[in-house]
Amino acid sequence: MSLSLSLSPPALRRADTVPSGRLSHPLRRHWGLLLALALVVMWVLVPAAVNPGQWGDNFEQYVWAHSLEWGYHKHPPLPTWLLGGLIALFGPSPYWAYLLAALCTAGTACFTYRLAGRLLPGSLAGLAMLLWGLQQAFSMRAQVFNHNTVMMLAVSAAAWCVLQAVGSRQRRWWAGAGLAAAAAMLSKYQAIVPLGGLVLGLLLTGELARRDMRRGLYLAMGVAALGFAPHLAWMVNHDFATLRYAGQGGHGVPW
């Protein structure tokens with residue numbers, strides 16, 4: 001028995017329609033996503049309630065948020081902007097980092113579930129979310145707000161937009177993919193790896209053989225380049241400090 005996967009429009013029909021009446025109720029049909037979201041909330045609320053201190057990555061964002069810039073000596077600026085925006089609007093609080101961590105991880109779960117529902121047959125999207133929760137980043141480290149946290153959300157959003165663009169052939173989805181890709185690169189340069197994987201997937205499935213798909217990809221790349229350009233200018237003016245930090249290996253592993 002062989003299993004084939006295509007990104008062509010016939011394969012993009014909704015795959016979460018389950019013939020069995022046992023899973024017809026919306027809450028039962030989406031049990032995997034609901035369980036993943038419940039676990040994310042638990043892993044964030046419990047540490048926030050019992051842990052008087054902050055993770056080092058959280059504390060780092062609070063320090064940088066005192067000055068909103070186009071870059072910092074270690075990383076691009078988007079995560080710091082998000083925290084700085086909350087502080088500017090509602091005042092300082094040690095809980096803002098927990099809140100942003102929960103929102104980013106929950107958003108990643110939603111995009112992952114939708115992607116699984118379009119690419120996997122039957123109710124396997126629920127099982128995909130069950131396996132998703134076994135990863136440390138989506139469980140015991142869900143309370144950590146750092147550049148990986150925001151990058152995951154942006155990359156998953158970019159993947160969803162690309163899938164929508166291939167199915168609908170509407171340029172707005174390509175533009176959305178470009179914005180999400182820019183957000184991912186403004187979170188952490190490591191995003192170039194999964195973003196490159198999206199392009200490779202389009203190539204291996206034959207989608208890039210179509211002129212409209214290539215034009216859409218060029219549009220997404222142009223939007224992403226425009227969004228990333230101010231930070232690139234900052235890098236040039238600051239002697240590529242972030243790249244030099246990455247080249248030195250940073251401090252520890254990403255997670």
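Visitor: Which helices do the buried residues of α4 pack against?

Guide: In this predicted model, the buried residues of α4 include L83, G84 and L86. The partners against which the buried residues of α4 pack are α3 (56-64), α5, α7 and α8.

Visitor: Which residues of α4 are buried?

Guide: Buried here requires a relative accessible area under 20%. In α4, the residues counted as buried are L78, P79, T80, L83, G84 and L86.

Visitor: What span does α4 reach from its first C-alpha to its last, and what span is expected?

Guide: The helix α4 has 13 residues, and the expectation rests on 1.5 Å a residue. Just after α4, G91 takes a positive phi of about 90°. From first C-alpha to last, α4 reaches 19 Å, which is close to the expected 18 Å.

Visitor: Which elements give two or more residues to the largest nonpolar core, and which gives the most?

Guide: The largest nonpolar core has 28 residues, and L83 is one of those that touch the most other members, as are F145, A184, M185, A191, L195 and F228. Two or more residues come from each of α4 (78-90), α5 (96-119), α7 (147-168), α8 (171-185) and α10 (211-237). With six residues, the element that gives the most to this core is α7.

Visitor: Leaving aside neighbours within four places in sequence, which residues is F228 in contact with?

Guide: F228 is among the residues of the largest nonpolar core that touch the most other members, and M185 is another. With neighbours within four places in sequence left aside, the contacts of F228 are A182, M185, L186, Y189 and M235.

Visitor: How many residues are in the second, separate core?

Guide: Among the members of this second core are A36, V40, A125 and M152. The second core is separate, and its number of residues is 17.

Visitor: Which residues are linked with R210 in a network of salt bridges?

Guide: The side chains of R210 and E207 meet in a salt bridge, at 2.7 Å from N to O. R210 also forms a salt bridge with D212, where the closest N and O atoms are 3.3 Å apart. The residues linked with R210 in the network are therefore E207 and D212.

Visitor: Is E207 buried or exposed?

Guide: The limit for a buried residue is under 20% relative accessible area. R210, at 21%, counts as partly exposed, and D212, at 33%, is also partly exposed. E207 has a relative accessibility of 3%, so E207 counts as buried.

Visitor: What is the N to O distance in the salt bridge between D239 and R244?

Guide: D239 is exposed, with a relative accessible area of 51%, and R244 is partly exposed, at 42%. A salt bridge requires a separation within 4 Å. The side chains of D239 and R244 meet this rule, with an N to O distance of 3.8 Å.

Visitor: Why is the pair of W64 and Y72 stacked?

Guide: W64 and Y72 are both buried. Their ring centres lie 5.2 Å apart, with the planes at 5°. Planes under 30 degrees apart count as stacked, so the pair is stacked because its angle is 5°.

Visitor: What is the angle between the planes of Y95 and Y98?

Guide: Y95 is partly exposed, with a relative accessible area of 47%, whereas Y98 is buried, at 4%. Their ring centres are 6.4 Å apart and the pair is tilted, with an angle between the planes of 40°.

Key. Residues are numbered from 1 along each chain as its sequence is written. This is a predicted model: local features need pLDDT of at least 70, side-chain atom pairs count only at pLDDT 80 or more; totals for chains, interfaces and linings use all residues. Side-chain values use heavy atoms; hydrogens and water are left out. A nonpolar core is a set of buried Ala, Val, Leu, Ile, Met, Phe, Trp, Tyr and Cys residues joined through side-chain atoms within 4.5 Å. Buried means under 20% relative accessible area, exposed over 50%, partly exposed in between (1.4 Å probe, protein chains only). Helices (H or I, at least four residues) and strands (E, at least two) are DSSP runs, numbered from the N terminus. Contact means heavy atoms within 4.5 Å. The expected span of a helix is 1.5 Å times one less than its number of residues. Rings of Phe, Tyr and Trp (its six-membered ring) pair if their centres lie within 6.5 Å; planes under 30 degrees apart count as stacked, over 60 as edge-to-face and the rest as tilted.
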